[in-house]
Amino acid sequence: MNSARRADSDSDYLVLQEAAEWFAVLRADDAALADQLEWQRWHDASPAHRAAWRKVEAVSAEFQLLPGEPARIALDEVGPRARNDGRRAAIKGVLLLCLTAGLGGAVFGRRDTRNWLAGLNAQQATKVGDIRQMALTDGGALWLNTNTSLDIDYTPALRRIALYSGEILITTAQDSQIPPRPLVVDVVHGRLRALGTRFTVRTSVDATLLSVYEGSVQVEPRDGSGTRIVAAGSQLRFDAASIGQPYAADDNATAWTEHRLMPDQMRLDDFLAELSRYRRGHLGCAPEVAHLRLVGSYPLADTDRILAALEATLPLRVRRLHAWWVTVEAAPLEK
């Protein structure tokens, strides 16, 4: 990430933190009219403030969609830890705001609506934090990462996997039918054709990431002309109209199939962004510690234990403004 993008990210972090703190203030037991008026001035001061406020509302709404009792307990756990520099603690009940936006896929940005709706009724799906392995009827194997949805459609002419969201790893097998049926993975940005291989596919709003570890895979953008074959050891991103340049694939990136994350000199902010995929709510990283580097193996069974391990081994602290809004910051200086 270049310096300009890093600066933008730092600014986004600060504004989001302000919005989360205001959310706590307005939901506090002793919130006053003066608080409301001050918040309104902050909210109206810039489009960035308004966008950050919508995101905080949406994260809160998504968190409340958890099954009733666990969600209530999680909110109860906030308690006095929600205090920040004298600001009032968040109350236990958080209003269910922006629920329609959350359910419509707008919580974390733009989506292809048809793709999102198809994912709601997908044959196979994992929840946030879940990882699953399954056998394919042709003898291959398929792993579904956290928050993934897909359909499997094997016909006499084609073996097709439609990936709507999330990430998969596929180890292909030789098809027993004669002639062998092609195996393809369809995503919103186009089609991937396996050429005897082991590879991962990870979708996002803007692009799809293909990483090939064995064999090769052909990429065909949905709206673009031409195709490209990606060889083992390479990965690239593509969108509906174009294919990016290949670069070296990271073998450690498949550690999630073993329920682990294995950073190798990974920046802390990038690691936390990856970890956030396996837990609900917001997980942020303060700019002053973003550059710290991580190595090792981190079991994904309990993401809070990972955060505790980081806090115990690095000069940082984990701050929980709400049960659903956690940030990693520099540890306070000892007096």
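In H7, the buried residues are Leu268, Asp269, Phe271, Leu272, Glu274 and Leu275. The model discussed here is a predicted one.

Trainee: How many of the residues of helix H7 are buried?

Mentor: Helix H7 spans residues 268-275 and has 8 residues. Because it is largely enclosed by the rest of the structure, the number of its residues that are buried is 6.

Trainee: What share of the residues in the protein chain is buried?

Mentor: The protein chain holds 8 helices and 21 strands. Of its 335 residues, the buried share is 47%.

Trainee: How many aromatic pairs does a search of the whole structure find, and which kind of pair do phenylalanine 23 and tryptophan 53 form?

Mentor: The search of the whole structure gives 5 aromatic pairs. A pair of aromatic rings is described by the distance of the centres and the angle of the planes. For phenylalanine 23 and tryptophan 53, the centres are 5.6 Å apart and the planes make 40 degrees, and the pair is therefore classed, between the limits of 30 and 60 degrees, as tilted.

Trainee: Which helices does this pair tie together?

Mentor: Both phenylalanine 23 and tryptophan 53 are buried. The two residues are 30 apart in sequence, so the pair ties together separate parts of the chain: helix H1 (residues 3-26) and helix H3 (residues 47-64).

Trainee: Which kind of pair do phenylalanine 23 and tryptophan 324 form, and how many residues apart are they?

Mentor: The ring centres of phenylalanine 23 and tryptophan 324 lie 5.3 Å apart with 90 degrees between the planes, which makes the pair edge-to-face. Tryptophan 324 is buried, as is phenylalanine 23. Phenylalanine 23 belongs to helix H1, whereas tryptophan 324 sits in the loop between strand S20 (316-322) and strand S21 (325-330); the pair links distant parts of the chain, and the separation is 301 residues.

Trainee: Which residue has its charged end over the ring of phenylalanine 23?

Mentor: Phenylalanine 23 belongs to one aromatic cluster with Trp39, Trp53, Trp324 and Trp325. At 4.3 Å from the centre of the phenylalanine 23 ring sits the charged end of arginine 27.

Trainee: Which strands are the edge strands of the open sheet?

Mentor: The open sheet has 7 strands in the order S1-S4-S5-S7-S8-S11-S12, with mixed pairing. Strands that pair on one side only form its edges, and these are strand S1 (124-125) and strand S12 (228-231).

Trainee: Which residue in S11 is the bridge partner of alanine 194?

Mentor: Strand S8 (residues 190-194) and strand S11 (residues 216-221) run antiparallel and are joined by 5 bridges. In S11, alanine 194 has as its bridge partner valine 217.

How values were computed. Residues are numbered from 1 along each chain as its sequence is written. This is a predicted model: local features need pLDDT of at least 70, side-chain atom pairs count only at pLDDT 80 or more; totals for chains, interfaces and linings use all residues. Side-chain values use heavy atoms; hydrogens and water are left out. Two strands pair if DSSP finds at least two bridges between them. Helices (H or I, at least four residues) and strands (E, at least two) are DSSP runs, numbered from the N terminus. Buried means under 20% relative accessible area, exposed over 50%, partly exposed in between (1.4 Å probe, protein chains only). Rings of Phe, Tyr and Trp (its six-membered ring) pair if their centres lie within 6.5 Å; planes under 30 degrees apart count as stacked, over 60 as edge-to-face and the rest as tilted. A charge sits over a ring if NZ of Lys or CZ of Arg is within 6 Å of the ring centre and within 35 degrees of the ring normal.
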